[in-house]
Amino acid sequence: MDNKNSLKAQLISDFQTIEGRMNGAAKSAVHQVRQEALKTFETLGFPTIKHEEWKYSNVKNLVNQAFEFNAASDFSAQDVADSSIPNLEGNILYFVNGVYNAALSSIVSPASELQILTFSDAIKQEPALVEKYFNQYTDSQNNAFTALNTAFAHNGIFVHVPANTVVTQPVILRFIADARKVNVASQPRNLIVVGKRSEVQIAEAYRSLGENASFTNAVTEFFVEEEANVHYYKVQNESDKAYHIGTTSVLQAGKSVFTANTVTANGGFVRNNLNIKIDGEYAEANMFGLYIPNKKQHIDNHTAVDHAKPNSESNELYKGILKDNAVGVFNGKIFVREDAQKTNAFQSCKNVLMSENASMNTKPQLEIWADDVKCSHGTTTGQLNEDALFYMQARGISKDSARALLMLAFAQEVIDKMKIPAIKEYLQELIVDKIYQG
Amino acid sequence: MLKIDNLQAKIGEKQILRGINLEVKAGEVHAIMGPNGSGKSTLASVLAGREDYEVTGGSVDFNGTDLLELAAEERAAEGIFLAFQYPVEIPGVSTTNFLKTAVNEIRKYRGEEPMDAVQFLKMFKQKMAYVNIDQSLLNRALNEGFSGGEKKKNEIFQMAVLEPKLAILDETDSGLDIDALRIVAEGVNKLKSPDNAVIVVTHYQRLLDYIVPDFVHVLYKGRIVKSGTKELALELEERGYDWIKAEVDAEELGETIA
Ligand SMILES: Nc1ncnc2c1ncn2[C@@H]1O[C@H](COP(=O)(O)OP(=O)(O)O)[C@@H](O)[C@H]1O
Ligand SMILES: [Mg+2]
């Protein structure tokens with residue numbers, strides 16, 4: 001066995017084992033895609049810091065560990081209660097160590113509004129839809145983690161909103177990594193298709209339990225058709241020993257609106273990729289992010305918005321508060337294709353360093369081939385305003401409280417983008433806790 | 001109430017305060033005047049506890065406590081209030097939230113129970129009348145996008161809420177039109193009592209038409225070079241600062257030669 005990349009060897013052998021048990025299904029179109037992806041993964045291997053896209057995010061510690069994939073868990077109703085998001089209503093679907101748990105889940109939206117299937121059921125029940133969309137717009141060609149997820153695509157959710165439908169209740173995907181007994185890993189794969197003029201709110205909420213390491217390698221694909229409106233949340237509250245690599249790929253048609261809120265309250269090593277292609281006119285993409293790493297946490301957000309058609313708009317705001325020895329990475333790509341005249345693209349990434357040992361690496365990357373566009377970008381990394389701190393102290397507010405108030409006010413701008421009240425409150429509380437820690 | 005004895009302070013390598021002596025008793029209003037750059041704001045900041053300034057000598061006694069030993073927030077809790085010459089914009093924090101935090105931290109310092117939302121509402125209503133300030137302004141992010149006059153009014157509103165023993169108003173009049181000046185001055189006058197004291201730092205005599213000082217001091221090159229009553233302010237208004245500068249500079253020259 002290849003010691004240097006024990007995880008890679010383990011995964012390739014796992015793939016063969018799974019394939020051996022598949023019989024006829026191994027010939028399906030979906031499995032062809034998986035096989036292609038495995039080949040890509042084998043060729044690419046896990047990235048090292050020599051890879052431009054992984055320059056600041058070293059996965060060495062991750063890929064040298066052993067994990068139990070889709071491990072059994074005795075995650076109970078009590079655990080659900082302990083880790084639930086208060087006052088949250090909607091379609092709440094639990095995945096424990098990657099595996100869908102029907103007993104803990106509840107689907108409240110009528111079938112006429114929303115089709116929800118596990119990804120593996122969707123392959124059987126909606127093969128045409130799955131084949132049409134699965135892996136049609138991802139970075140599986142050049143991202144080893146996406147390729148790996150694609151090769152193992154089985155767990156996760158399939159959501160289909162038919163045309164002209166407003167889904168009133170949000171869809172909340174709770175991914176629980178139960179690492180109370182062993183190192184666990186999971187690879188959720190979600191496929192979400194939102195029909196013309198439809199609206200839906202979808203959240204992925206990650207949580208981990210226990211002292212062992214967990215590894216989540218998630219991929220979510222969105223297909224947003226004409227005039228559809230999607231609010232997407234990625235909420236991360238995992239342990240300091242959690243590794244999370246996730247890619248969300250979005251393909252937007254004309255006049256659609258897609259809004260992503262990515263909030264990392266906690267996590268050991270996090271890499272979020274958000275790739276949006278605007279493939280229609282008069283569409284709007286919003287990307288908002290907030291991360292508050294402390295201790296030795298590492299949080300990396302890579303976003304890319306690809307303006308392929310004219311008259312569309314993208315707005316991006318990421319904010320970070322970095323404490324202790326935390327490391328943050330932000331890479332924001334904006335492509336404006338030759339055809340995409342009259343594009344408006346705005347990007348901003350603002351960071352506050354709360355300690356001398358915290359660091360932030362920011363890199364905006366703009367590639368603009370059209371000439372009639374409005375583009376702006378700016379990144380800032382600094383300390384809290386000393387004048388503001390003194391002003392507050394001079395009113396009787398202690399330095400620690402003043403710092404916390406300023407941090408909270410800084411974070412609030414992103415929290416206020418949230419539209420689901422229960423999620424907003426949940427995050428607000430997590431962030432207040434995190435801000436007051438240490 | 002306040003006794004400043006030979007106070008010296010510097011920032012970086014630059015000595016700014018070079019031996020300030022000043023005594024302020026309860027019920028008094030003192031005006032500190034002086035040309036730009038003479039150290040007025042520095043004195044105010046040092047009294048409020050700004051750490052950027054290094055106190056290199058002297059002492060400050062405030063109602064029996066050594067003020068210089070206290071952190072800025074402790075001084076505020078002891079009853080010192082500084083109305084800033086340049087109030088700081090604090091995005092994302094409303095005046096009301098800011099003041100609720102301040103009031104309850106001060107109450108905690110004094111061993112008092114925190115105030116609840118209803119009590120705050122009532123108290124704010126009452127204090128808003130002092131300076132004729134609008135609720136909508138208080139709901140906005142503190143000082144952010146406020147006009148000069150709104151910022152100064154807001155400072156006096158905060159003073160009304162915090163009820164300090166000693167208020168130091170640093171050029172609260174600058175940038176105000178005559179109406180705003182009158183409102184601000186009236187607010188200060190309403191808050192005056194035999195138990196508290198005010199130090200008004202100003203450049204111009206016109207504020208002193210409204211807030212009448214018991215004593216007027218002239219600060220120049222980090223020292224109080226002249227003290228008097230309100231007539232001194234009138235004289236300065238008429239003659240400017242040049243004659244005082246000339247006196248002091250001649251004296252310094254004399255000292256150097258000797
Ligand atoms: N932060 C600072 N750094 C360097 N010099 C300063 C600083 N603050 C004040 N000074 C200097 O100290 C002197 C006194 O300033 P200040 O107290 O603001 O005067 P005033 O309020 O009387 O106009 C000025 O020469 C000013 O340039
Ligand atoms: Mg000044």
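Student: In which loop of chain A is D324(A) found?

Tutor: This is a predicted model, in which local features need pLDDT of at least 70 and side-chain atom pairs count only at pLDDT 80 or more, while totals for chains, interfaces and linings use all residues. Residues are numbered from 1 along each chain as its sequence is written, chains are lettered from A and ligands numbered from 1 in the order in which they are written, and side-chain values use heavy atoms, with hydrogens and water left out. Helices (H or I, at least four residues) and strands (E, at least two) are DSSP runs, numbered from the N terminus. D324(A) is found in the loop between β17 (313-322) and β18 (327-336) of chain A.

Student: Is D324(A) buried or exposed, or in between?

Tutor: D324(A) is not a glycine, yet its phi is positive, at about 50 degrees. Buried means under 20% relative accessible area, exposed over 50%, and partly exposed in between (1.4 Å probe, protein chains only). With a relative accessibility of 33%, D324(A) is partly exposed.

Student: What is the relative accessible area of E163(B)?

Tutor: E163(B) also is not a glycine and has a positive phi, of about 45 degrees. The loop between α6 (148-162) and β9 (166-170) of chain B holds E163(B). E163(B) is exposed, and its relative accessible area is 55%.

Student: Which residues coordinate the magnesium ion (ligand 2)?

Tutor: Donors are N, O and S atoms within 2.8 Å of the metal (3.2 Å for Na, K and Ca); water is not among the atoms, so sites may look incomplete. At 2.1 to 2.3 Å, the magnesium ion (ligand 2) is coordinated by S41(B) through OG and Q85(B) through OE1.

Student: Why does the pair S41(B) and Q85(B) tie together parts that are apart in sequence, and how many residues apart are they?

Tutor: S41(B) belongs to helix α1 (residues 40-48) of chain B. Q85(B) lies in the loop between β6 (80-83) and β7 (90-94) of chain B. S41(B) is partly exposed at 26%, whereas Q85(B) is buried at 17% relative accessibility. The pair therefore ties together parts whose separation in sequence is 44 residues.

Student: Which element gives the most to the shell around ligand 1?

Tutor: A residue is near a molecule if one of its heavy atoms lies within 4 Å of it. Residues surrounding ligand 1 include K14(B), G37(B), G39(B), S41(B) and Y53(B). By class, with Ala, Val, Leu, Ile, Met, Phe, Trp, Tyr, Cys and Pro counted as nonpolar, Asp, Glu, Lys and Arg as charged, and the others, Gly among them, as polar, the shell has 4 nonpolar, 6 polar and 2 charged residues. With 3 residues, the element that gives the most is α1(B).

Student: How much of ligand 1 does the protein bury?

Tutor: A polar contact is a pair of N or O atoms within 3.5 Å. Oxygen atoms of ligand 1 lie 3.0 Å from a side-chain N or O atom of K14(B) and 2.8 Å from a polar backbone atom of G37(B). Taken alone, ligand 1 exposes 560 Å² (Shrake-Rupley method, 1.4 Å probe). Of that area, the protein buries 62%.

Student: What is the relative accessibility of Q187(A)?

Tutor: Q187(A) sits in the loop between β7 (184-186) and β8 (189-194) of chain A. A polar atom of its side chain lies 3.4 Å from the backbone nitrogen of N149(A). Q187(A) counts as buried, with a relative accessibility of 5%.

Methods: Polar contact = N/O pair within 3.5 Å; in protein donor to acceptor, adjacent residues only side chain to side chain.
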